[in-house]
Amino acid sequence: MKLLPQSFTSFKMNSVFIRIFFSIVGLVLTSVLIIAYISYLNSTNMMISEVKSNNMLVLGQAKESIDNEVKSIENSAMQASLDRRLTRALYISHEDSYYEAEVYRDIITYLNSIKANDDYIANLWVYYNKADIVLGSEGKYDSKLFFSNVCKYYTDIDWEKISREYSGFRSAGKQEVEYNYTRMPVIMFMKSLPVNELSPKGTLVVNLNEQFFYKEMGGNKEGNVVINYIVDSHKNIVFTNAKSFQEKDQKLARSVLDSTVAGMDSAEGTFDIKFGGKPFTVQYIKSEANDWRYISVTPTWYISRKVIGIRNVTIWVALISMILSMILAYLLVKRLYRPINDILNYISIIGNKTPDKQKTGDKDELKFINRIISYVYNENESLRESFHKSHPILREKFLNDITNGSVKQERYREIGSDIGIDMPFPLFQVIVFEIDEHASEALKRHGKQNLNFVPVMDEIAIEALNGNARCYSVQKDESTLVSVINAEERFYESEGINEYLKKVRDYFKSNHDLTLTIGVGKHYSSMEECLMSFIEALHALKYKIVKGQNTVIYIDEVRNIAGNIFEYSIEREKQLVTILKSGDIMAANQILLQIFTDNLDKRLVTPELINNLFNALVGTAIRSIYEMQATIKKIFGEELDIYAEMTAKSVVEEKKSYTYFIFKSIAIYASDRKHNQNTKVYEKIRTFVAENYNKELSLDKVAEVVGLSPSYLSFIFKETSGVNFVDFINEYRLEKARELLTTTSMTVAQVAESVGYMNANSFSKTFKKYIGVAPGQFREM
């Protein structure tokens, strides 16, 4: 307490301390009393308001989490519906399903990957109408077995009717299901397949674990008095945490819900009602992912009962605050007044002309404030320097945000000029430059894959556009660049964009020996629509497979190309499989040429059609291999994923060449195998004839010995040896007869009998026919 007396004795201004002290004490005491009084009067409303705010926040968070999960499932369902393996399986019949084990394994693996990536998916499966089977994340099942033993629904569901009616992605509500002998509540979602046909060929079903909804809707928190619901547009309850409350509270909350749900028309809202003489608050938010509404029912009368306790606590807090405010006010004022007192003492010393000089210590408040100001100034300069160094990174991020559609015009006005981006014109357009594959490989071979082409692109834009437009570029990766064009309408009328594209292509060709394929999106009237232009440019680049590399592809050229259905009938596929199995390379090539002519030369095509056609041809090749009971390794000498190899080919000509290679390899294998089999049969016949030539021999008898039909044996014998079977037997017997005629004294009749002829007359005629002379004349020669 030395500060106060010293001030009184030294200066008349010591009353400042007193005024500050009592002002702070009075202010604190007055504030505490007012707050306590207001708190006592309005505590109920404040608590209810806080509960409402928290409930709406919880609902909003739950809506966002559940909506995101539903959207994630919908996206997974859409990706699955577009998967070529899953789509292909829709057209496999029950009889053919036994030959498509590999396809089914791929689909099961794919479904399992979807489930593994989402902890809340209880199970998912696909029902195929044509094959009458179910493919789940754990295996393939007969449909009746699946629904009766593997995945048993306790709700009466007409799966046959569901599988025949087209449906987009939708919720089927809460279901009770026993999956792998474990019974659980789930929220079921389904989608008809395929996406581009109104007559479904199958149904994708995803069951979401109800525990996810308990987690997000606060169903397991102790002391929770809020009953939450999820209700669809038909007023069906999809989920509720009401079962954790007493039965009478459940019934009361349900009655409140039924009386208010019809009026929930806006995006969100709050109802304060009385039901059964008790006040309730009903709050809701509509889902952005489907037709659900997230609803909470709060018994506000329960909150009011707790206000009495709050009032008592408030009184005690007010009393304690009075005491503490006096202590803290003194300490605070003493601390605040000390530097003033030091200054006054120093002034007093100077005024008395005392020769001793007082040195100010490091803890002097004025110096401390001065150091703070210096520190803030230095930090500000450091931030300016850091901003200048990070300018290119900020510019790149900003341009990426523009192409992603996340920059609004207002945000551009705030920071665009600060990072050197000036876009004063009304139209916006995105162009994507893709370094062609062979050129990209050349970059890697010469160690140039990390080159930054953005500065030179900006220089080219300044030169080519002549101030009629603005162009800013960003490098997405080592082989992709994106330019954002900002221009007036007259710029496009003069085709100024073509000059820019020409100079860019010339630069890359002459300086780096690189070629570019360029996708050009449409121009739009707002910066937010740059995302649409970017998507269009990427879509145009997909047509590189059609138009080839080193081309400029405008979205307007390819937007109206429709259709992905190709001409490749089952009969033609069977014909091609038969020809491959026969080993006829020429005939196989002729059919392939006709298929390519019908599908690729006579009409405009889309990348989807090209990929579907060549995948179908790969499927034909695999079918041929399986029907020959061969393997890919036997035919190609190594294990190949020919689907992946075909997908890796980026242009049509590469895909054609690879298709010819596949079918030629299969035909050569079939031809070689056929030749080897025929040779074995021929050798077996020669051995049998050598052992039995002196007996009665016929085509039927030999065919029975080798296990072939007489006609087929005659065909392969002629094809292998070059002579027919009868001539071979006669020539073999006559060769033996000539040896006997030359080396023995046997009569002609004896020789005839020894080599298998029935009589000498028949032997003599045959001998003269083949040798040219009678047996007796031959012996005399």
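A crossing of two helices is left-handed if the near helix is turned anticlockwise from the far one by less than a right angle, and right-handed if clockwise. In that sense H21 passes H22 in a left-handed crossing. The model is predicted, so local features need pLDDT of at least 70 and side-chain atom pairs count only at pLDDT 80 or more, while totals for chains, interfaces and linings use all residues. Residues are numbered from 1 along each chain as its sequence is written, and side-chain values use heavy atoms, with hydrogens and water left out.

Helices (H or I, at least four residues) and strands (E, at least two) are DSSP runs, numbered from the N terminus. Helix H21 covers residues 570–582 and helix H22 residues 585–601; they pack at an angle of about 155°, with axes 9 Å apart. Axes are lines fitted to C-alpha atoms, for helices over the stretch in contact, and angles run from 0 to 180 degrees between N-to-C directions. H21 and H22 are therefore roughly antiparallel, a term for angles over 145 degrees. Contact means heavy atoms within 4.5 Å; Leu576 and Ile579 are among the H21 residues that meet H22, where the partners include Ile591 and Ile595.

Attention now turns to the sheet. Five strands form an open sheet in the order S14-S15-S13-S16-S17, with mixed pairing; two strands pair if DSSP finds at least two bridges between them. Strands S14 (469–477) and S17 (552–554) stand at the edges with a single partner strand each, so one side of each is left without a neighbour in the sheet. From one strand to the next, the twist averages 20°. S13 (residues 427–435) and S16 (residues 516–520) run antiparallel and are joined by five bridges, and glutamate 434 stands opposite threonine 517 in S16.

Two helices that pack on this sheet may be taken in turn. Helix H12 (residues 391–403) touches S13, S14 and S15 (480–487), and its direction makes about 95° with that of S14. Helix H18 (residues 530–541) touches S13, S14, S15, S16 and S17, at about 30° to the direction of S13.

The 13 residues of H12 should span 18 Å at 1.5 Å a residue, which agrees with the 19 Å between its end C-alpha atoms; the expected span is 1.5 Å times one less than the number of residues. Buried means under 20% relative accessible area (1.4 Å probe, protein chains only), and the buried residues of H12 include Phe398, Leu399 and Ile402. Their cover includes helix H13 (409–415), helix H15 (454–465) and H18. Glycine 405, with a positive phi near 75°, follows H12.

Terms used. Buried < 20%, exposed > 50% of the residue type's maximum accessible area, 1.4 Å probe, protein only. Parallel < 35°, antiparallel > 145°, perpendicular 65-115°, else oblique.
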